[in-house]
Amino acid sequence: MSEGSTIFDVQRVSKVYHTRSRHAHAVTALNDVTFSVGEGDSMAIVGESGSGKSTLSRLLLALEAPTSGTVSYRGQVISGRDERELRDFRRRVQIVFQDPMSSLDPHMKVHDLLAEPLRALKIEADEGERVRELLTSVEMPVSSANRYAHQFSGGQRQRIAIARALGPSPEVLIADEPVSALDVSVRAQILNLLTELVHDFNLTLVFISHDMAVVRHLCMSIVVLYRGNLIEMGKTEELFASPREDYTKELLAAAPRIRAVRATRGVPGREA
Amino acid sequence: MPLLRVRDLSVTSGSLTLVNGVNLEVNAGERVGLIGESGSGKSLTALAIAGLLGEGLRASGEVSLDGEDLVAATERRRCEVRGSRIAMVFQEPMSALNPTRRIGDQVGETLRIHQGLSRRSAEKAAVDLLRRVEFADPERYVRMYPHELSGGQRQRVMIASAISCDPEVILADEPTTALDVTVQRRVLDLLDRLVDESGCALLLIAHDLAVVSEVCDRVVTMYGGRVVESGSVAQIIDDPHHPYTKALLATSKALSVAETSLGTSLPSIPGTVPNAGQFPRGCPFRDRCDRRVEACVEVPPTLVRDTRTLACWNPVVDDEPVLEEAP
Amino acid sequence: MGIGMPPLDQPTTTGDNEPYVFEVARGRGWRRWLHNPSALIGSIIVVLVVASALVSLVWTPYSPLAVDPSHALSGPSLRHLLGTDEYGRDVFSRLMASSQVALFVGVLSVLIATAVGIPAGLLAAERRGATGQVVLRLADILYGFPALLAAVVLAAAFGASKSTVVLAIGISYIPVFVRVTRSNALVVLNSEYVLAARAYGRRPLAIMRRHVIPNIMTTIIAQMSLLFSLAVLAETALDFLGLGTAPPAASWGTMLQSSQNYLGNDPLLTVWPSVAIVLCVLGFSLFGDGISELRDVRGHR
């Protein structure tokens with residue numbers, strides 16, 4: 001699947017959360033998941049709520065450690081490491097979240113939002129100059145730096161969040177449902193921007209989503225998660241042409257399609 | 001006479017006009033989709049129809065249900081209509097449900113208010129309603145609290161509560177936007193079936209043209225607080241006349257599962273939807289439009305032909321004659 | 001898709017390279033302050049209280065302790081603006097001197113409560129395991145120990161004074177700050193922007209300083225102004241009961257206490273300290289609310 005060396009290697013990873021819920025004492029978020037992401041790949045992790053995809057993103061970011069199994073980055077195990085040993089990793093792997101309102105600190109101006117990663121990672125740069133560069137690369141006016149995130153629309157906030165992720169010049173971008181909170185036309189703008197940035201900055205992309213259309217547009221390969229299990233993986237077009245698992249087929253069938261005549265439907269339902 | 005008739009509906013906040021002269025008709029048994037981006041005024045239109053505008057917002061014009069004007073009616077009368085004859089389903093079922101009360105209690109509440117049912121019979125009715133919205137084990141679910149349900153289940157609970165008094169009109173504001181794809185499919189199918197069974201009218205507000213095209217008979221496009229185009233789904237999908245509808249359609253098509261492919265550039269509308277009050281004078285879409293002409297500085301009149309309406313000075317037409325002016 | 005106004009928005013222009021100046025618009029903040037009537041009234045009162053406390057350190061019309069039996073219980077006059085008390089002491093001078101006591105007790109007790117309560121609350125939020133639980137249980141134990149009782153115990157041990165009042169009130173407010181800080185900090189710590197900060201390598205202390213504290217300050221300040229007012233009230237009550245400032249030193253509480261014997265002859269003697277207490281409490285509450293509103297960047301569009 002990969003052209004160059006392996007970026008992420010996820011080996012037999014499970015993650016169990018202990019809860020105080022009256023229904024269950026432990027929730028298995030991920031169960032024995034194995035896959036790898038190669039350099040230059042654009043890999044989609046597809047699944048719905050409860051599939052474990054957000055847990056997986058935290059494991060890939062070494063913000064949490066798996067209950068069992070290992071997550072490696074360029075051959076080095078990253079889970080459970082001391083932050084000091086992860087400094088280089090932190091610079092190279094960045095994330096964009098779904099909701100750009102809650103992922104941007106409401107008390108910081110855009111300048112600080114974009115400068116923070118540089119300060120935290122002790123990257124030597126002319127802050128003002130770098131912030132201008134970043135804003136320009138996401139097609140935002142440089143005057144945005146003086147304003148707060150809440151003064152922008154959803155699409156513009158997501159551009160700011162993307163600019164922040166690009167700040168440390170990462171080689172991997174993890175995007176956790178970055179367009180699912182956006183309107184169709186803004187979604188198209190952000191997807192176009194992501195496509196350009198991935199190309200221009202030679203990024204390896206890990207794209208987490210439940211939207212098969214967006215995934216097909218952006219990713220070369222797909223991993224399908226269902227209730228914590230990796231049920232299917234493969235190249236995007238192969239998987240679209242001949243999905244093996246029922247759940248993958250359902251995901252594909254469920255996506256709404258534009259049609260001029262209302263169709264009589266009846267896709268086999270399933271307990272929501 | 002249409003069941004729900006909206007004539008020249010405007011919503012203002014101080015000196016700002018947020019919804020401007022909206023005309024809309026929905027017949028019994030008909031499914032009408034209202035599309036447009038965030039900030040186009042479609043949600044406000046729905047809230048104005050339901051008489052649920054927040055503080056500082058004022059509706060004017062006419063919203064008549066079966067001939068009775070609701071804008072002019074007293075708040076007391078609107079309360080009687082709301083819930084019993086017009087029901088609403090919102091985007092966020094979690095915030096629309098009270099977290100401290102059991103499901104059965106909340107589903108039965110509308111019946112207790114509007115039909116004076118006792119607590120006990122309301123709860124029995126709730127069980128039947130949950131069964132109608134496809135809960136396999138409704139007796140168990142009426143005892144649960146909202147947080148114990150999944151997003152899709154909560155939205156079905158909202159729908160159950162909406163249909164409890166057999167409303168004549170269901171207003172659904174982005175009911176599936178917050179849901180996963182497979183769950184969205186299920187909720188859409190459910191809404192569709194319920195409209196079939198009860199013969200009520202559905203006004204479905206969505207930004208996703210694909211969702212609207214699958215469920216609805218007619219489409220109404222809004223931009224900048226105005227209706228810019230309306231017509232049957234087939235007319236709008238096959239042959240959109242307004243540049244905004246056409247651009248939305250092109251984007252939605254390029255982003256649908258069947259059409260998209262890796263790495264291509266997606267068509268999108270340049271710029272962003274302006275703030276309320278910052279739309280250009282005349283046609284609200286003109287500064288983002290690639291077909292603007294000099295006439296666009298004036299508000300285009302709404303032209304009507306058969307089942308279509310259009311408000312554009314330079315419409316997208318192949319060789320068809322332009323629509324006639326409204327009488 | 002909000003019901004209210006859509007977010008502020010400006011058309012995106014590509015490649016816009018105009019230089020920008022990075023600065024904080026202070027002037028706008030002041031103008032907002034002046035346009036907020038409760039904040040304005042609050043700050044005027046606070047300035048008055050602070051000014052009278054400072055001025056009384058060096059000057060009062062008469063010495064607050066100067067006894068003049070020949071003019072005892074004389075009503076308001078040009079010589080004695082607010083009249084004199086049973087020993088002929090000038091009431092206005094005593095009111096001024098009393099504001100020192102109120103400020104001293106209010107400021108120091110809030111300082112004690114925040115200096116211990118806020119760090120403990122942050123610690124409890126950051127360490128949700130055993131450490132956090134221990135902090136919370138300690139706070140609960142303190143909470144069960146009322147300020148009045150603490151004051152009695154301290155007064156019995158060290159003698160009644162302003163300092164014992166400050167300690168008693170300050171300590172009894174620690175648990176309030178632990179709770180408020182912890183619950184607000186938890187919300188921030190669970191936010192995606194903190195997750196993002198961790199993903200670019202911010203350590204827990206830096207996250208506290210850069211994200212948590214700025215975002216909980218609004219609530220904390222509101223709480224501080226509330227507790228300041230409560231502290232002034234508590235101080236008055238303790239003085240009234242003879243557990244704080246010892247006569248003949250002036251404080252609003254002792255003034256109230258001694259005036260009650262002359263309620264029939266000279267009711268104004270009771271009115272003046274009462275008015276001072278109410279104004280002071282009201283002023284600091286309004287002032288705190290004003291700061292909270294001003295800091296809430298999202299509140300203003």
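In the predicted model, β10(B) and strand β12 (residues 308-310) of chain B pair in the antiparallel sense over 2 bridges. Within this pairing, B:E229 has B:L310 of β12(B) as its bridge partner. Strand β10 (residues 226-232) of chain B also pairs with strand β9 (residues 218-223) of chain B, again in the antiparallel sense, here over 6 bridges. One of the bridges to β10(B) joins B:R218 to B:S232. The two strands β9(B) and β10(B) form a hairpin, and 2 residues lie between them. In the turn of this hairpin, B:G224 has a positive phi of about 55 degrees. Of the 7 residues of β10(B), 6 are buried, so the strand is largely enclosed by the rest of the structure. A residue counts as buried here if 20 or more other C-beta atoms lie within 10 Å of its own.

Chain B as a whole contains 11 helices and 12 strands. Its radius of gyration is 20 Å, close to the 20 Å that the globule rule gives for 327 residues, and chain B is therefore as compact as a globular protein of that length. The C-alpha trace of chain B spans about 65 × 50 × 35 Å along its principal axes. Of the 327 residues in chain B, 54% are buried. When contacts in chain B between residues at least 6 apart in sequence are considered, 62% of them join residues at least 24 apart.

Strands of a sheet pair through backbone hydrogen bonds, either parallel or antiparallel. In chain A, an open sheet of 4 strands has the order β2-β1-β4-β5, and the pairing is antiparallel. Strands β2 (26-38) and β5 (76-77) of chain A are the edge strands, each pairing on one side only. Within the sheet, strand β1 (residues 6-18) of chain A and strand β4 (residues 68-73) of chain A are joined by 5 bridges in the antiparallel sense. The bridge partner of A:V10 in β4(A) is A:V71. Helix α1 (residues 53-60) of chain A packs on the sheet and touches β1, β2 and β4 of chain A. The direction of this helix makes about 120 degrees with that of β1(A).

Chain A is also in contact with chain B. This contact takes 42 residues from chain A and 48 residues from chain B. On the side of chain A that touches chain B, the elements that give two or more residues are α5 (154-166), α6 (184-200), α7 (212-218) and α9 (246-254) of chain A. The largest share of that side, 8 residues, comes from α6(A). By residue type, the side of chain A that touches chain B divides into 17 nonpolar, 13 polar and 12 charged residues.

A helix pair was examined in chain C. Helix α3 (residues 91-126) of chain C packs against helix α10 (residues 268-295) of chain C at an angle of about 35 degrees, and their axes are 11 Å apart. The crossing of α3(C) and α10(C) is right-handed. From α3(C), residues C:V91, C:L95, C:S98 and C:A102 meet C:L269, C:W272, C:P273, C:A276 and C:C280 of α10(C). The residues of this contact of α3(C) with α10(C) divide into 8 nonpolar, 1 polar and no charged.

Key
Residues numbered from 1 in each chain as written. Chains lettered and ligands numbered in written order. Predicted model: local features only at pLDDT ≥ 70, side-chain atom pairs only at ≥ 80, totals over all residues. Contact = placed C-beta atoms within 7 Å. Nonpolar A, V, L, I, M, F, W, Y, C, P; charged D, E, K, R; others polar. Pairing = 2+ DSSP bridges. Axes fitted to C-alpha atoms, helices over the stretch in contact; angles between N-to-C directions. Rg over C-alpha atoms; globule rule 2.2 N^0.38 Å. Buried ≥ 20, exposed ≤ 12 C-beta atoms within 10 Å, placed from the backbone. Left-handed = near helix turned anticlockwise from the far one by under 90°.
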